[in-house]
Amino acid sequence: MALRPVLEAKRLTLQSQLDSTKTLAERNKLGQFPTPTLLATEMLEYARALLPPTARIRFLDPAFGTGSFYSALLKCFAARRIAAAVGYEIDPHYAQATIDLWRGQALDLRLMDFTHATAPASNADKFNLLICNPPYVRHHHLTQVAKAHLLQAVQRATGLKLNGLTG
Ligand SMILES: C[S@@+](CC[C@H](N)C(=O)[O-])C[C@H]1O[C@@H](n2cnc3c(N)ncnc32)[C@H](O)[C@@H]1O
């Protein structure tokens with residue numbers, strides 16, 4: 001059997017194990033709800049249809065979880081087309097086991113808050129495939145410091161001044 005389906009089966013088992021040790025209320029704080037395999041695959045198939053057939057892929061998932069989209073990327077794109085794959089995951093509970101799961105693959109998984117990541121400076125380092133099931137975190141789960149940081153970042157990027165009650 002090819003390696004990717006084995007890793008996807010292991011990932012689904014790992015996802016259930018990791019989810020089962022947290023309550024729904026705990027998972028709600030960081031928006032920890034995984035994307036089903038079929039949906040992730042359909043999204044990557046759609047992305048493949050949009051991209052030029054020879055384009056090399058620089059993939060980014062800023063809210064990685066156990067890597068449903070990364071797994072779908074490996075399913076939908078030949079390895080030779082994947083130039084880079086980067087993920088961010090804030091919660092060590094998910095990140096550490098996930099790093100172990102994907103060890104041996106060309107994945108750069110960073111255990112950090114993506115809202116503090118700096119964008120690549122050069123065009124060559126930028127991403128052309130950003131896929132994410134974002135953490136829909138309610139404002140009352142954000143600290144005052146995090147809120148201030150996010151409001152400033154939104155204002156810098158868009159010019160919009162959002163309300164402090166924004167999720
Ligand atoms: C909706 S889940 C999606 C996980 C996975 N990509 C999927 O689709 O199955 C969002 C993930 O983002 C993580 N997360 C939440 N806030 C984050 C942040 N500020 N930086 C990085 N990861 C974050 C959560 O721990 C969770 O694993």
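Helix α1 (residues 3-20) and helix α4 (residues 68-76) pack at about 165°, with 10 Å between their axes; helices here are DSSP runs of H or I of at least four residues, strands are E runs of at least two, and both are numbered from the N terminus. Axes are lines fitted to C-alpha atoms, for helices over the stretch in contact, with angles from 0 to 180 degrees between N-to-C directions. The two helices α1 and α4 are therefore roughly antiparallel, where under 35 degrees counts as roughly parallel, over 145 as roughly antiparallel, 65 to 115 as roughly perpendicular and the rest as oblique. The model is a predicted one, in which local features need pLDDT of at least 70 and side-chain atom pairs count only at pLDDT 80 or more, while totals for chains, interfaces and linings use all residues. Residue numbers start from 1 along each chain as its sequence is written.

The crossing of α1 past α4 is left-handed, a term for a near helix turned anticlockwise from the far one by less than a right angle, with clockwise giving right-handed. On the α1 side, R4, L7, E8 and R11 meet S71, L74 and K75 of α4, contact being defined by C-beta atoms, placed from the backbone, within 7 Å. Two nonpolar, one polar and four charged residues make up this contact of α1 with α4; Ala, Val, Leu, Ile, Met, Phe, Trp, Tyr, Cys and Pro count as nonpolar, Asp, Glu, Lys and Arg as charged, and the others, Gly among them, as polar.

Helix α1 also packs with helix α5 (residues 92-102), the axes coming within 11 Å and crossing at roughly 160°. This pair, α1 and α5, is therefore roughly antiparallel too, and α1 passes α5 in a right-handed crossing. From α1, the contact draws on L7, K10, R11, L14 and L18, and from α5 on H93, Y94, A97 and L101. Its residues comprise six nonpolar, one polar and two charged.

A further partner of α4 is helix α3 (residues 37-50), at an angle of about 50° and with axes 8 Å apart. That angle makes α3 oblique to α4, and their crossing is right-handed. In α3, the residues T37, A40, T41, M43, L44, E45 and R48 meet S68, F69, A72, L73, K75 and C76 in α4. Seven nonpolar, three polar and three charged residues form the contact of α3 with α4.

Turning to the strands, an open sheet of four runs in the order β3-β2-β1-β4, with parallel pairing; two strands pair if DSSP finds at least two bridges between them. At the edges lie β3 (108-110) and β4 (129-130), each pairing on one side only. Strands β1 (residues 57-61) and β2 (residues 82-88) are joined by five bridges in the parallel sense, and L60 has V86 in β2 as its bridge partner.

Around the ligand, 22 residues form the surrounding shell, the closest being P34, T35, A63, G65 and P135; a residue is near a molecule or strand if its C-beta atom, placed from the backbone, lies within 6 Å of it. The ligand shell contains 11 nonpolar, seven polar and four charged residues.

Conventions: Contact = placed C-beta atoms within 7 Å.
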